[in-house]
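Student: Could we go through this model together? I would like to begin with the overall picture.

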Amino acid sequence: RVDRSHRSHRSIARAASWVSFAPSLVAAIARAMMMMTPRAMDVASTTTTTMTTNAGGDGRRRERPRRRPMWGKIRCGYRTGRDGSVGRARARRRASGGDTGRDRGRGRRCRCRHTDRRRRRRRRGRDLRSIDASPSPSSVMGLTYSKPNPRSRVYEDVARRVLGDDRGALAGKTVVVTGSSTGLGFIIAKTCAERGATVFMLNRPSARAEKAVEEVGRGARGVECDLTSFASTREAAANVMKQSGGVVDVLVLNAGVMALPFDATPSDGYDVQMQTNVISHWLLTRELFPALRASSAARVVSQSSLAAKMSSALRKECFEKVPMCTSWAKSTWDIYGQTKLSNLVFTEALQTRLNAAKITNVRAVAAHPGIAATNLQVTTANNPGRGASSFQLALLGKSGIFQSEADGATPALVAAFDADVEGGDFFGPSRMFQCKGAPKKVPKDKKVTPQACDILWSGCEAATGVSFNL
C-alpha cells in the first residue's frame with residue numbers, strides 16, 4: 001500500500017502513474033509518426049495475434065504472438081491451408097459467381113484481435129490507414145489536416161452535474177457569449193438556451209452567425225460584434241445593455257483566432273490576434289461591467305489555452321500597434337501564446353481589482369478546452385502562412401488526442417455555473433496533460449504575476465483610450 005503522505009511513497013505513486021500512461025502516449029506518438037509514410041499506415045505495432053491449430057491435434061485454435069515486418073500490410077496468417085484449400089464462405093461465393101476479389105490472396109477473413117480493433121477505429125471515425133495527399137495549402141509531406149470527429153464522453157455528465165436535468169434551470173438568467181457561431185461558443189450558447197437562459201450571441205455579421213442563432217432557437221439573440229474594431233465592440237455592448245435591461249449574469253469571452261499571419265486591424269492598427277483575443281474583450285468587459293454589477297451573482301469567464309505555456313512572460317510590446325507589437329516575434333504562434341497568457345493575466349488582474357474594491361457579486365474565472373476539435377484548427381491549417389503549423393496539426397489530427405467540441409466546452413461551463421467556483425479559479429481537462437477529459441481545477445500559471453497584470457491593464461487602457469476603474 002502506498003502512503004501518499006510519505007515523500008518516497010509519493011515518488012513511487014508518480015512513477016506508477018507515468019508507467020501506466022506511457023504506453024498510450026507512445027502509441028499515440030507512433031501512430032502520428034507513421035502517417036509520414038503511406039506504406040506504414042497499416043502497421044500499428046510490431047506484433048500481432050495469429051490463430052493457429054494446436055500441434056497436439058485436438059483441433060482447438062490457440063493464440064500465439066507473431067512478429068510482423070515493420071513495413072507492409074498486416075497479415076494475420078489465417079489464410080488458405082497448405083493444400084491450397086480455401087475457406088468455406090469464399091468457396092460458396094466462388095461457386096455462385098460472387099467472388100469479387102475482396103479477399104483474393106488472403107483466404108478467409110482475418111479473425112484476429114487486431115482486425116476487431118481496426119474495425120472499432122473505423123466506427124469511431126479514426127481510420128488510420130488513409131491519407132488525403134491532394135495538394136492544398138495545408139498539405140505538408142503528404143499530410144493534410146482534416147477536422148476530427150471524436151465522440152463526446154463527458155459533456156452530458158458535466159452538464160447534468162452543473163446545471164441539473166431541469167430545462168428551466170437558467171430561467172431568468174442573461175448570458176453573453178462571444179464567438180458563438182461555431183465550436184465551443186456555440187455549444188455553450190446552446191446549452192444555456194436549452195435550460196431557459198436568454199443568450200446574446202456576439203459574432204461578426206455573416207450567414208453562419210445567422211444560422212447559429214436559428215439553430216440555438218428560443219432564447220437566442222444575435223448581436224453583431226466585430227472584435228477587430230473597437231467601435232463595433234462598443235456598439236455591441238450598447239445593444240446588449242439595451243436589450244438585456246441592464247443586467248448580465250454571465251459573460252463568456254470565448255472568441256479568438258489562432259496563428260493568423262501578422263496583420264494590423266483595419267480601423268485601429270493593432271495585431272489581429274492581440275486585438276481580437278485580448279484588447280477588445282477587455283473593452284467589452286468594461287462596457288458591460290455596470291450590467292454585471294447589477295446582477296446578484298455575475299461571472300466573467302475568459303477562454304484561455306494550453307498555448308499560454310508557450311510564452312515565458314507577458315511582453316509590453318504586444319499592446320503596441322503594428323509593426324512594433326510583432327517585431328520581436330519569430331512566428332505567429334509567439335503572438336498567439338501571448339494572447340492566451342493575457343487571458344489568464346486578465347482574469348487575475350480583474351479579480352484582484354474586484355477584491356480591492358470589495359465587490360463580491362462579480363467573479364472572474366478562466367478556463368481552457370484542452371485540445372478540442374473545432375474550426376479554429378481548420379482556419380489555421382488552411383492559412384498559407386507558416387507551413388509547420390499545418391504539419392503539426394495534421395499529426396495531431398491523426399493521433400487521436402483531440403476531444404469533441406462538447407467536451408472542450410465543459411471547463412467553461414463549470415467556470416460559469418458551478419456553485420463551488422471561487423474568483424480567480426482556473427479550469428481545464430484532467431487527462432493526458434490537460435489535453436482531454438473531465439474538467440477540474442488546475443494550477444495557475446507562474447507567469448501570471450502582479451507585474452504582468454499591470455502591463456495588461458495599462459496596455460489595454462492605452463490602446464482603447466479609456467480607463468477601467470472599479
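Student: How many helices and strands are there in the chain?
Tutor: The chain has 13 helices and 10 strands. Helices (H or I, at least four residues) and strands (E, at least two) are DSSP runs, numbered from the N terminus. This is a predicted model, in which local features need pLDDT of at least 70 and side-chain atom pairs count only at pLDDT 80 or more, while totals for chains, interfaces and linings use all residues. Residues are numbered from 1 along each chain as its sequence is written, and side-chain values use heavy atoms, with hydrogens and water left out.

Student: What share of the residues counts as buried?
Tutor: Of the 470 residues, 49% count as buried; buried means under 20% relative accessible area, exposed over 50%, and partly exposed in between (1.4 Å probe, protein chains only).

Student: Which strands pair with β6?
Tutor: Strand β3 (residues 174–178) pairs with β6 in the parallel sense over three bridges. Strand β7 (residues 298–303) is joined to β6 by four bridges, and these two also run parallel. Two strands pair if DSSP finds at least two bridges between them.

Student: Is α8 enclosed or open, and why?
Tutor: Helix α8 is largely enclosed by the rest of the structure, because 18 of its 22 residues are buried.

Student: Where does α8 kink?
Tutor: A kink of about 45 degrees lies at glutamate 287, shortly before proline 290. The bend at a residue is the angle between axes fitted to the seven residues ending there and the seven starting there.

Student: Changing topic, what does valine 213 touch?
Tutor: Valine 213 is in helix α6 (residues 207–216). Leaving aside neighbours within four places in sequence, valine 213 is in contact (heavy atoms within 4.5 Å) with Met201, Ala220 and Gly222.
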